[in-house]
Amino acid sequence: MDRQQEYVLRTIEERDIRFVRLWFTDVLGALKSVAVAPAELEQAFAEGIGFDGSAIEGFTRVYEADMIVQPDASTFTVIPWRGDNPGTARMFCDIRMPDGSPAGSDSRNVLRRALDSAAEDGFTFYTHPEIEFYLFKEPYDASVGPIPIDQAGYFDHVARGDGHDFRRAAITMLEKMGISVEYSHHEGGPGQNEIDLRYADALSMADNIMTFRTVVREVALQHGALASFMPKPLADHPGSAMHTHVSLFEGDKNAFYEPTASYELSQTGRRFTAGVLRHAREITAVTNQWVNSYKRIWGGGEAPAHVCWGHNNRSALVRVPMYSIGKGHSRRIEIRSMDSACNPYLSFALILAAGLKGVREGYELPPEAEDDVWALTDGERRAMGIDELPQSLSEAIQVMESSELVAETLGETVFDFFLRNKRQEWYDYRAQVTPFELDRYLVRL
Amino acid sequence: MSTPPQPLPGELVRAGFTDARRAERLLAELLGSMPGEPAGDDLTGALSVTADPDQALLAAVRLVEADPATGALLAEAGTARDRLLAVLGGSSALGDHLVRHPEHATVLADPEPFGRGQRFPDPEPLCERLTAAVAGLTGREGMDALRVAYRRELLLIAAADLVAEDPVELLPDVAAALADLAAAALEAAVVLARAETEGAENVRFAVIGMGKTGGRELNYISDVDVVFLVAPRQTDARTDADAGERSAYSSLDDAIAVGTSLATAVMRICGQSTGEGSLWQVDAALRPEGKNGPLLRSLESHREYYQRWARTWEFQALLKARHVAGDETLSEEWLDLVRPMVWEASARDGFVENVQAMRRRVEEHVPAAEAPWQLKLGPGGLRDIEFSVQLLQLVHGRTDEELHSGTTLEALAALRDGGYVARDDAHALDDAYRFLRVLEHRVQLHRLRRTHLMPSTEADQRRLGRSLGERGDAATAVVQRWRAQQREVRRLHERLFYRPLLAAVAKLSSDEVRLSPEAARVRLGALGFRDPAGAMRHLESLTDGVSRRATIQRHLLPVMLGWFADGADPDAGLLAFRRISDTLGTTHWYLKMLRDEGSAAERLAHVLATSRYAVELLIQAPESVSLLGEPTGLQPVSRETLHSRMVAAAERHEDPADAFTGIRAVRARELLRLVLADLVGEIDQPALRAALTELTDELLSAALLIATRAVVGDADPAARMLVVGMGRLGGREMGYASDADVMYVFEPVEGAEGAQAQASEIIAVLRKGLSGNGPDPVLELDADLRPEGKSGPLVRSLESYAVYYDRWSAGWESQALLRARSVAGDQDLAQRFTALIDPLRWPDDGIDQGAVRDIRRLKARMEGERLPRGADPRTHFKLGLGGLSDVEWVVQLTQLQHAHEHSGLRTTGTLAALNAAVEAGLIAEGDASVLRRSWTLASRLRDAGVLWRGRAVDSVPSDSREAEGISRILDRPPGHGGELAEEWRRAARRCRAVVERLLYGGPLGHSRSPGRSRGSAGPGGHRAQRA
């Protein structure tokens, strides 16, 4: 047993913790949990706890599979919303096969592998997400549709706004769980909020995002609201993105930073960006994994439907944000395609893999897009060599199916599970008769 | 001035000079330049004990020339002169240095320059002297001053070393002094670097010694391994008025930038060549992430790296880490951080794999050209000793803190005292290490060059020999001594690890090591034995007693244990060895073969620890072990030999049952031969598949012979018989797990009665004779591909075949016939049968679109139906997506369509037909290579599965030990078994994409339903394929 594990066991005793939730994530990014009594924890550290591993295969599980969850002691945190005494705590887990080797179907392990590969080149990968979501009135009545809790807009201050209290409560709780919040404000849509997490290494951040979604839902409920990370809940208002700033570090040095380069973006940074762009279409099925995701991407406005980059260009897929002279540490690029309902482990792994491929193979960065890409005609975009992201989940799946990069990064098992799930989702969606069709056809045809 | 008395040339030669004339002249010159009237004899005598009298004399002449005052030193006999001449004779580089700095000659005069009885400097004063030498200096001036001061100290160490009565004894002190000197030089370099680096006052900076520097066992010249550390200097806001300004500098980023400049400066100050030469290269490659990593990083980043990313060997390197220069508190902070992790590390995952990898590293990385002269690398070199010691530290250091020394010889002594290695082994190893190190030191000292090679010229060898006290033919003597030592190390290296294990169980002589049973179990566990207690029992049984067998096995086992440990299943290997030895141990040849036949023992150990299939075959017929000792034992026998052996075995026995046993015993032996050849890598896969097919052909021929004889006796036969091979047998692509797919054909002999009955009886006898337990694994005869399948008659006449194919034949039957080949029986009948089926399988004008569509539909249906219940379509080798069956269908469809136009396609072999299709331009080479890759990988994985488990596997086992075993048979490095499933799925996925395009005419898209039903077995159609 290492020190971290000893620390966890001691804390549990000192703080009278009666339940420990072991968290893990399925291939679609849904949080799963097993609760164990503290007495079992020592064994859980040593040998893990057996469970039916097919639980992580998403909606289309086929075979039962004996697997083991093994808690990662460094992620131990007391859960604040369960009350103080007696308390509840949680730890994220790695999923292993019965013989102790990492399970091929574990999302967390996919990201670990990608990070290990980067580490071989001396890189660590940092991410900083801006997570958007909507707050609706509770309870949700399907016959009425979702009703936002306010009618405010971008950065609006809402007097006695529930959202305001909510954000303060959510941030307090996040900080209690050791997740630093950098920034929070009201977003563009009614009831839409954004909370930015302080940058951290990608694995911790993916864990944080999983925690974040749980915390936000819990706190919303306490405030009589329903929090939703659905990519595009309201047709007429902006969707919920998870713009993510990413950077590579070599030791303590930001590898994207080069004081003399254009936008202070180093060659590594440019090649990384080129990699993300070149493989953007292949990884879209993962970064935007729901049928609904494509309604956000193709909803116009600031949604990045086109594969290009720009400096402070909010219609570009990759944005090289403003920089302040001499702050080399914070040099980064912002990837704007991901939405708040993605599986952060898989998405980060793929972005890293795509970027690293650019770095390793020395991809050329295409010219910058300076205009609002939405305002260009199809012909203009074609002339400028600007490709577009898939139109639908179906197209995204097709592109992903033939991607060696995605197969290699996710591993054949997750690759297969994921595609199986997504195909099923598409078939289910395709079978629907939507209100749109009824409105438009029923009477007229 | 009168000429001093001079020795004669003959005396000079006896004194060790090689060029007496030149020596005579130089000696005269030297004597002439000395004060007073020195005695020539006396000086010659002093020169004669040096390593190289010619070199010493020449250097002395040059020295006196440079500074006549030094003549006084040489004029007078005594230790001062002996020390000076020893240095001049032992090192031409130091001689050059003295000529440039004659003032250093006098420092050699004092034999105890560091106080009474002390031959080597203490670290602190040494450090003070070097830093004082560079005080106030900068740039080139500072670097020169450092070099001069360093050499001055080096002279003293070299002098003490060279005049030592027993340099081997003194070695650890010399090595420690050299490490201290390096540390002092680094300290001085840090002083210089700080002086020239802006902002240096705001950071704390330290140098950690790694490798031999850290272990205090440095060479005269080698890279000095270090790790640099930096941290912002803490500013105290309450007392420091400049706090505000300072804090701007103390951020981590700036500290790292300053630290990087300092480190770069230190490396340059030590490594760059100036007028005074250079010290040595400073190598910081042992830092986190090695050469890829940044030169400096924060302590926090170090912590994160070691906790998260570092590999086991990196922790092993940390074993020797020690503060050597700069801010000692910073070093201590870092050491406190990493030290606990060193020993925690060995408890991490993959420890056994790491240990095994380390054992192999001992033998790798030696450039072939240098290997014979290597002192350091290569078999029996210094690295052997160092790694052996470190490995034992790693294995036993987890539980025994006494073993945590960073110095090789100290660690060895601790291992000895703890009973982990035999006392005499430790002693011998200690001797060997010192001797090799002294050789290395003396070689390096000559020119102060970084080299680890024994000199290859006679002059250099002579100097080396003489410096170790050899006289006469010193060159030959020293090389011989070295070679002997090398052999000893090689032997020790093997014994060190394994012999104590035997001693623990075998209760040998009282002087032996006393490795506790617990420690023995730990060590066996570290070697990869999963049941150390069981292994101990086997060892005990194998080595117990005083028989010749026990004695030889005691001798063999230490080495064999290492080979077992290299296999995927050491426990099984040792157990199998015990079983075979129990059977064969008393034969005259078995132990002799293992002891004397070169690689036989190694190969046996490898085979036993790798393959259950081989073990089963060997246990059935232990005497077949002799194949390993025969020079051509592992070459497949020729077809003719195989044929005559089978026929002989068939004819030797009157009784059919005995005859069948006879031919099956021949098969067992030949099968074992192929298995052994496969396992030791002496046969490639195509050759193996061909050989397995030939073996099956011959077995069936001989079986038909016996059956016919049994049924017909001496009478005239009523029917001519033919056995047709189908599937893999027909395609000459048999694997270990392949059934023999067959059809039986007869033809009545003109005018004879009862042909059908006789033919049926013959086949019945043949099938019975080859079934059931026998000396070989049962060859399954599968006749399901015959007309009408299971419901049709087992044996048909040629005519009946003709009628059937003419009237009823389904498309899939033509397809199955693509791989039909006559394997045994009547040759004429074979020709007629072939003539019958050729137009069916290679139809004129190919097949029409309707037939193509039918084949596609059948295939599509079979994909859902034929897969066994519960099997995953992504992983099944044979029937899964992208598996063997997929590839075969693509090839066969191409054959049916195009065999009439391209003769190359008229073959029964899958790969042969695929290659022909490429040549004919029908399949693109890119696609073919994807198909080939999947087909060969699946075939190989199936075969490897049989070898490893003794029975067939349908997919890569999910159990990681099983996967590892299979991966090792594929000759993959240890620890990569987990990648196999992934590798197969990848190959299959790519293959499937090609199959969908070639077989179905385009990607199916993803719009088809994902949940394919897997219904009950359908009608006859799904028997169409046999892989």
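Here is the tour, from a whole chain down to single residues and then across to the contact between chains.

First, some ground rules: this is a predicted model, where local features need pLDDT of at least 70, side-chain atom pairs count only at pLDDT 80 or more, and totals for chains, interfaces and linings use all residues. Residues are numbered from 1 along each chain as its sequence is written, while chains are lettered from A and ligands numbered from 1 in the order in which they are written.

**Stop 1: select chain B.** (Helices are DSSP runs of H or I with at least four residues, strands are runs of E with at least two, and both are numbered from the N terminus.) Chain B is more spread out than a compact globule, because its radius of gyration is 39 Å, well over the 31 Å that the globule rule gives for 1027 residues. That radius is taken over C-alpha atoms, and the rule is 2.2 Å times the number of residues to the power 0.38. Along its principal axes, the C-alpha trace of chain B spans about 130 × 75 × 55 Å. Buried residues are 50% of the 1027 in chain B; buried here means 20 or more other C-beta atoms within 10 Å of the residue's own, with C-beta atoms placed from the backbone.

**Stop 2: select 458-467 in chain B.** This is helix H21, and 7 of its 10 residues are buried, so the helix is largely enclosed by the rest of the structure. Among the buried ones are Arg462(B), Arg463(B) and Leu464(B).

**Stop 3: jump to Gly48(A).** Look in the loop between helix H2 (41-47) and strand E3 (49-52) of chain A. Is Gly48(A) buried or exposed? Gly48(A) is buried, with 20 other C-beta atoms within 10 Å. Leaving out residues up to four places away in sequence, Gly48(A) touches Ile68(A), Val69(A), Gln70(A) and Arg96(A). (Touching, or contact, means C-beta atoms, placed from the backbone, within 7 Å.)

**Stop 4: show both chains.** The contact takes 23 residues from chain A and 24 residues from chain B. On the chain A side, highlight helix H11 (393-401) and helix H12 (404-430), the elements that give two or more residues. H12(A) supplies the largest share, 7 residues. Color that side by type and you'll get 4 nonpolar, 8 polar and 11 charged residues. Here Ala, Val, Leu, Ile, Met, Phe, Trp, Tyr, Cys and Pro count as nonpolar, Asp, Glu, Lys and Arg as charged, and the others, Gly among them, as polar.

Note on methods: A residue is buried if 20 or more other C-beta atoms lie within 10 Å of its own, exposed if 12 or fewer, and partly exposed in between; C-beta atoms are placed from the backbone. Two residues are in contact if their C-beta atoms, placed from the backbone, lie within 7 Å.
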